[in-house]
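Here's a quick briefing to read with the structure open beside you. Take a look at the fold, then work through the points topic by topic.

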Amino acid sequence: MRSMTEDCVFVYDRTWDGLLTAVFDAFYRHQFPVAIIGEKDTPPLFAVVHRVITDEEKAGRVFRALQRKLSSAALACLTTSLFSELPDLDLPLFRYVCKAVKAGQSIETNFADPDVLFVTNTYRKVRCERLRMMQFVRFQKTADGTYFAMIEPDYDVLPLIVPHFSDRFSEECWLIYDRCRRYGYYHAGHKSVRVTFEDGAEVFRLPDGRLSEAMRDEDEMWYQEMWRTYFKAICIKERLNPRKHRKDMPVRYWKYLTEKQTGEEEK
C-alpha cells in the first residue's frame, strides 16, 4: 500500500482511536505510510512526516467499517494487541486495518498474510500474559486494611486484568501496581481508578514487592507462613518435575509469589 507520491511517515499517539484516525487520513490523503511511529519516537532523517491528530468522529467511521468486515473476536484481537506496546506492531496493525476495510470479505483467518499473522500472534502473547497475571497476582494486607500486589508483566496487561479483580473482590479495597510502567489501579467502593505516585513514594522502595513491617497488617506474615506451609505440605516430592514447573510457572513470575521458598530460583 504505497502512494505514488513521496514516502511518508505517520506519527500517532499509539491509541486505538489514534490508529483508526491514521487509517482514515491515509485513505483521505491517498497516501499510505512506509512507517508509523509513536509520538515519543524519532522519525527518520529527511522523512516526510504526517502527524495524526486523533479524531473520534474519523475513528468511529473506520471502526464501523471494521464492524461490517470483521467478527467481534477479530476486533478484540486488534484492540488487545495494542497492549503489547511492541514498536514493530504499529505498521502491521495499520496495514491489517487498511486491508480489512478494503477487502470484500473478512481477512481475519488469512494467516498467509504476514500482517494478519503477526497481529494475531501478538494478541495471543498478550492474552497469555493476561491469564498468567490473573493466576499469579498475590495480595498482601496493609496496616490500613488495603490489599496490595505488585506485578512486572512483559506487556501492559494491567487494564485487562482489573475487571477480573473488580468482579472477584468487589467488596475489598485493593491496589495492583505495575512496577515497570509506574502506575496502578486502586479499587474501593465498587470502583477502580488508575493511580500514579510521586517520585520517592514508599512503593518505589519495595524492590521485591514485599511490604515492610510498618506497612503490613500485624497478621500478614502469619497468613503468608501458613500459605507456604500448606503449599509445602501438599507437594509430593516423588512427583517433583522442575522442568514442567518452570514451564507452567516461569521463573520470572516467582519474584512476587508468596508461596516461593527462599533460594528456590537457584535450584
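A pocket, as the word is used here, is an open set of grid points with protein on both sides within 12 Å along at least five of seven lines, and its lining residues have an atom within 4 Å of a point. Keep in mind that you're looking at a predicted model.

**The second largest pocket**

- 22 residues line the second largest pocket, and the ones nearest its centre are Arg138, Phe139, Gln140, Tyr147 and Phe169.
- Two or more lining residues come from each of α5, β4 (140-141), α6 and α7 (220-233).
- The top contributor to this lining is α7, which gives 5 residues.
- Sort the lining by type and you get 10 nonpolar, 5 polar and 7 charged residues.
- As for space, the second largest pocket holds about 600 Å³.

**Helix α6 and its neighbours**

- Which residues of helix α6 (residues 158-168) are buried? They are Leu158, Leu160, Ile161, Val162, Phe165 and Ser166.
- Those buried residues of α6 pack against the helices α3 (72-81) and α5 (114-136), and also against the strands β5 (147-151), β6 (174-178), β7 and β8.

- Strands β6 and β7 run antiparallel and are joined by 5 bridges.
- If you want to spot one of the pairings, find Leu175, whose bridge partner in β7 is Tyr186.
- The hairpin of β6 and β7 has 4 residues between the strands, and Arg182 in that turn has a positive phi of about 60 degrees.
- Next along, β7 pairs with β8, again in the antiparallel sense, over 5 bridges.
- Here Ala188 sits opposite Lys191 in β8.
- The hairpin of β7 and β8 has 2 residues between the strands, and Gly189 in the turn shows a positive phi of about 60 degrees.

- Some background: most residues other than glycine have a negative phi.
- His190 isn't a glycine, yet its phi is positive, at about 65 degrees.
- You'll find His190 in the loop between β7 (183-188) and β8 (191-195).
- His30 isn't a glycine either, and its phi is positive too, at about 55 degrees.
- His30 belongs to the loop between α1 (16-29) and β2 (35-38).
- Are these histidines buried or exposed? His30 has a relative accessible area of 63%, so it counts as exposed, and His190 is exposed as well, with 55%.

Notes
Residues are numbered from 1 along each chain as its sequence is written. This is a predicted model: local features need pLDDT of at least 70, side-chain atom pairs count only at pLDDT 80 or more; totals for chains, interfaces and linings use all residues. Side-chain values use heavy atoms; hydrogens and water are left out. Buried means under 20% relative accessible area, exposed over 50%, partly exposed in between (1.4 Å probe, protein chains only). Contact means heavy atoms within 4.5 Å. On a 1 Å grid over the protein atoms alone, a cavity is a set of points where a 1.4 Å probe fits but cannot get out, and a pocket is an open set with protein on both sides within 12 Å along at least five of seven lines; lining residues have an atom within 4 Å of a point. Grid points are joined across faces, edges and corners, and a volume is the space filled by probe spheres set on the points. Ala, Val, Leu, Ile, Met, Phe, Trp, Tyr, Cys and Pro count as nonpolar, Asp, Glu, Lys and Arg as charged, and the others, Gly among them, as polar. Two strands pair if DSSP finds at least two bridges between them.
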